[in-house]
Amino acid sequence: MGNYLTVTAAQDAAAGTDNEGAQIPHKTIISGAEALMKSLLAENVDTIFGYPGGAIMPTYDALYDYQDRINHILVRHEQGASHAAEGYARASGRTGVCLVTSGPGATNLVTGIADAIIDCTPMVCIVGQVKSTLLGTDAFQETDVMGVTMPICKWNYQITHPDEVPEIIAKAFFIAGSGKPGPVVIDFTRDAQVAMMTAPFAYKKCEKMLSYRPRLVPKKEQVEKAAELINNAKRPYILFGHGVLISQAQEELKAFVEKTGIPCASTLLGLSAMDVNHPLYVGWLGMHGNYGTNILTDHADVIIAIGMRFDDRVTGDSTKYITQAKIVHIEIDPSEVEKIKKTEAPVIGDAKESLLALMPLVNANNHSVWRNEFRKYESEEHQKVTLRDLDGIGELKMAEVITRLSDKTNGEGCIVADVGQHQMVAARYYRFKNPHSYIASGGLGTMGFALPAAFGAKVGAPHRDVYAVIGDGCFQMTLQELGTIAQNKTPVKIIILNNNFLGMVRQWQQLFFEKRYSFVELQNPNFVMIAKGFGIDGHTCKTREELEESLDKLIDFDGPYLLEVMVEKETNIFPMVPSGASVSEIRLD
Amino acid sequence: MTNYTICVFTENTIGLLNKITIIFTRRRINIESLTVCETERKGVSRFTIVIKHEKRDEVEKIVRQIRRIVEVLAVFGYLDDEIVYNETALFKISTPMDAKPLDVEFINRHHKAWVTYWGLDYVVIEKAGSEKEIYDFFNYIKPQGILEFVRSGRIAVGRTPQGLVAYLPDADWEFNL
Ligand SMILES: Cc1ncc(C[n+]2csc(CCOP(=O)(O)OP(=O)(O)O)c2C)c(N)n1
Ligand SMILES: [Mg+2]
């Protein structure tokens with residue numbers, strides 16, 4: 001994992017361990033809690049998203065003396081901390097850090113941990129725990145955090161002695177950020193925070209572990225076999241995913257498609273790894289992805305999957321998905337290969353290293369006839385879907401809002417979407433120019449992700465303009481984080497696309513449950529008044545005529561801003577692959 | 001249904017058993033037997049897990065999923081003919097009276113089972129072997145009246161000339177000697 005930032009706050013300030021001792025010369029033996037602070041500094045941590053409480057208080061006390069070097073952000077709910085850390089990580093490429101108390105503090109993190117494991121987001125969660133002598137006694141605020149988080153984290157560990165701190169924190173950051181990134185949970189007992197280390201603090205970064213050694217550079221034989229398949233293909237097709245962004249392989253991907261002339265499509269989380277205006281980029285995949293990109297997976301003869309995992313939202317019925325083509329799968333996690341699809345040529349390695357290794361072995365090509373097949377479907381989709389979404393008749397539609405936002409921001413914004421129809425519209429209509437510009441909860445589909453994640457993204461990438469695109473339902477899941485945004489004066493731009501419905505569920509009920517609308521209509525609060533209550537300015541846009549001015553106001557406002565846009569209540573998102581159908585059954589209406 | 005014996009080599013840390021069994025429960029696979037011990041290498045544990053499954057490729061996926069756990073050093077999945085394996089069973093029976101004497105010689109010679117304890121009121125016989133051999137002996141001894149019967153999980157070594165050394169990552173391993 002690299003660092004995506006060109007501008008990094010406070011990173012250089014974290015100078016490691018040597019001159020730390022110089023500042024506090026009288027203390028050579030420190031507590032576990034202070035050892036944690038020094039360890040975080042040694043890992044160049046500049047930001048922590050957290051919330052204090054009983055079992056983590058000794059650590060918060062140590063933090064008091066480190067406020068000048070570590071920016072602790074007090075969230076309003078631990079779930080907010082977890083999504084903020086995810087947003088921070090995905091916008092910056094660095095590991096997000098959460099600090100919370102035991103029991104309810106820890107369980108409130110669980111949704112974010114589950115979200116981070118499935119979307120491969122590097123995160124280190126430090127969780128207070130009761131004194132080690134009380135473990136297993138149902139002590140106040142004792143939850144078996146190891147047990148609860150075991151199935152949903154990449155690694156977890158319980159620290160019960162202060163001497164363990166430097167080594168375990170070093171491992172935590174190494175595991176979270178390397179290979180296929182993911183969340184690590186450190187359960188830190190209160191006594192280990194309070195007790196003094198038995199030796200002076202010393203920190204050594206973890207660079208390898210016996211039992212965990214992700215392969216970065218692929219094996220030569222695998223690369224050669226893949227190259228041969230690619231060179232002999234008549235209708236090759238690249239499907240790329242989040243792995244390209246995680247390994248920072250966007251330039252290599254571009255060079256690869258330009259040399260080979262192979263059309264490429266993105267998964268939802270791969271969005272923005274390729275400039276959407278690139279002639280070899282044909283669109284995105286999956287349930288609400290583009291028309292031709294889905295259908296033509298059935299016509300390709302070689303599929304080159306890069307940093308993607310054949311999620312069922314991409315494959316539809318996986319037994320009917322890619323039955324004719326041979327698959328080359330570039331993937332860092334060996335357990336993903338052949339998990340869903342039989343694979344002719346696995347290439348186990350980092351996306352960037354693998355593409356670099358393949359590059360000299362693949363022939364320059366053009367594939368123009370094959371590429372033109374995508375164009376046919378594109379024009380049909382444009383006629384049937386895009387023109388309808390953007391017809392400008394009747395009530396204002398979500399698609400118009402995102403299209404205008406995209407135009408006005410020149411496709412250069414960082415879009416953090418929540419979950420539902422608005423998420424799909426944001427993915428479809430924003431014209432992404434730069435990498436790391438679409439951040440959403442893909443694998444878990446966590447409603448409430450966007451507001452805290454957008455905040456975290458802005459903290460992690462302060463030079464970017466961050467737009468949170470949120471549904472009226474989602475917003476009410478984590479709206480308390482407006483308080484965090486206000487307190488930190490973080491200029492996040494919030495757009496609520498208000499259709500007064502849990503729109504995505506309503507769409508399914510309309511299409512697949514005979515329009516039996518079962519608990520999907522919302523009586524919404526006054527969102528602007530709520531924002532104002534938190535000290536965040538905003539207004540509501542009710543008509544098409546107000547849209548231009550409203551977006552300008554949002555974009556130009558100096559500080560956080562909330563724009564609520566009233567949109568058509570019963571819009572449906574197309575194209576759509578009905579759940580459980582094969583991708584060739586994709587519908588345009 | 002085919003038997004698969006999965007051997008997992010791990011670092012010896014708390015909670016690892018959980019991390020491994022979660023993978024089976026999540027896929028609704030019943031574990032037939034599970035045995036854990038430290039190996040000839042200090043700090044390296046060996047799990048021997050037996051499952052029954054219809055599809056080889058599903059078992060291969062499980063093997064890869066287990067490999068993914070951070071503390072796991074190596075994983076192997078074997079069919080029965082790829083390993084030498086054994087189990088041990090203990091039988092507790094009432095000390096035979098004159099009416100039902102115990103043919104210890106026959107037990108030793110024919111069943112390869114040994115009396116490990118002979119007391120005034122009960123006797124413990126140990127029988128090692130395959131599942132089938134153990135159940136053959138079970139049926140043989142049943143008329144004596146079995147007070148308690150316990151069978152261990154399977155332990156197995158691969159039918160290859162290599163030792164573990166060939167598979168574990170390079171390191172300065174300490175040996176348990
Ligand atoms: C925490 C959680 N609960 C429930 C769902 C199921 N769900 C998916 S989309 C959706 C509706 C979202 O409504 P809204 O935020 O208004 O977005 P819209 O679809 O209307 O744009 C629901 C309930 C979910 N994904 N996450
Ligand atoms: Mg809605």
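Across the interface of chain B and chain A, the rule finds two salt bridges, a salt bridge being a side-chain nitrogen of Lys or Arg within 4 Å of a carboxyl oxygen of Asp or Glu. Before I go on, the conventions. This is a predicted model, in which local features need pLDDT of at least 70 and side-chain atom pairs count only at pLDDT 80 or more, while totals for chains, interfaces and linings use all residues. Residues are numbered from 1 along each chain as its sequence is written, chains are lettered from A and ligands numbered from 1 in the order in which they are written, and side-chain values use heavy atoms, with hydrogens and water left out.

Back to the two chains. One salt bridge pairs the side chains of A:Glu336 and B:Arg68, at 3.9 Å from N to O. The rule also finds eight residue pairs in polar contact across the interface of chain B and chain A, both residues at pLDDT 80 or more. A polar contact is a pair of N or O atoms within 3.5 Å; within protein, one must be able to donate a hydrogen and the other to accept it, and residues adjacent in sequence count only if both atoms are side-chain atoms.

Helices (H or I, at least four residues) and strands (E, at least two) are DSSP runs, numbered from the N terminus.

The area buried between chain B and chain A is about 1500 Å², and carbon and sulfur atoms give 56% of that. Buried area here is the accessible area (1.4 Å probe) that two parts lose on being put together, summed over both. In chain B, the residues that lose the most area to chain A are B:Arg64, B:Arg68 and B:Val70, together 36% of what that side buries.

Next, the inside of chain A. Its divisions are domain 1 (3–194), domain 2 (220–373) and domain 3 (396–568), with bounds that come from an automatic or database domain assignment. The C-alpha centres of domain 1 and domain 3 of chain A lie 30 Å apart. Contact between these two domains of chain A involves 26 residues of domain 1 and 28 residues of domain 3. Together they bury about 2100 Å², with 65% of it on carbon and sulfur atoms. Between domain 1 and domain 3 of chain A the count of salt bridges is zero, but the rule finds nine residue pairs in polar contact there. On the domain 1 side, the elements that give two or more residues include strand S1 (47–50) and helix H4 (78–92) of chain A. H4(A) makes the largest contribution to that side, 10 residues.

Now the cores. The largest nonpolar core has 95 residues, and those with the most contacts inside it are A:Tyr237, A:Ile238, A:Phe240, A:Ile306 and A:Tyr438. By nonpolar core I mean a set of buried Ala, Val, Leu, Ile, Met, Phe, Trp, Tyr and Cys residues joined through side-chain atoms within 4.5 Å; buried means under 20% relative accessible area, exposed over 50%, and partly exposed in between (1.4 Å probe, protein chains only). Leaving aside neighbours within four places in sequence, A:Ile306 is in contact with residues including A:Ile238, A:Phe240, A:Ile330 and A:Leu355. A second, separate core of 51 residues includes A:Ala81, A:Ala85, A:Phe449 and A:Phe475.

In helix H21 (residues 503–512) of chain A, the buried residues are A:Gly503, A:Met504, A:Arg506, A:Gln507 and A:Gln509. They pack against helix H17 (421–429) of chain A. Just after H21(A), A:Glu514 takes a positive phi of about 50°.

Last, two individual residues. B:Arg154 sits in the loop between strand S8 (146–151) and strand S9 (155–158) of chain B. Why does B:Arg154 count as buried? Because its relative accessibility is 4%. The side chains of B:Arg154 and B:Asp80 are joined by a polar contact of 2.8 Å. In chain A, A:His539 belongs to strand S17 (residues 537–541). A polar contact of 2.9 Å joins its side chain to that of A:Ser550.

Key: Contact means heavy atoms within 4.5 Å.
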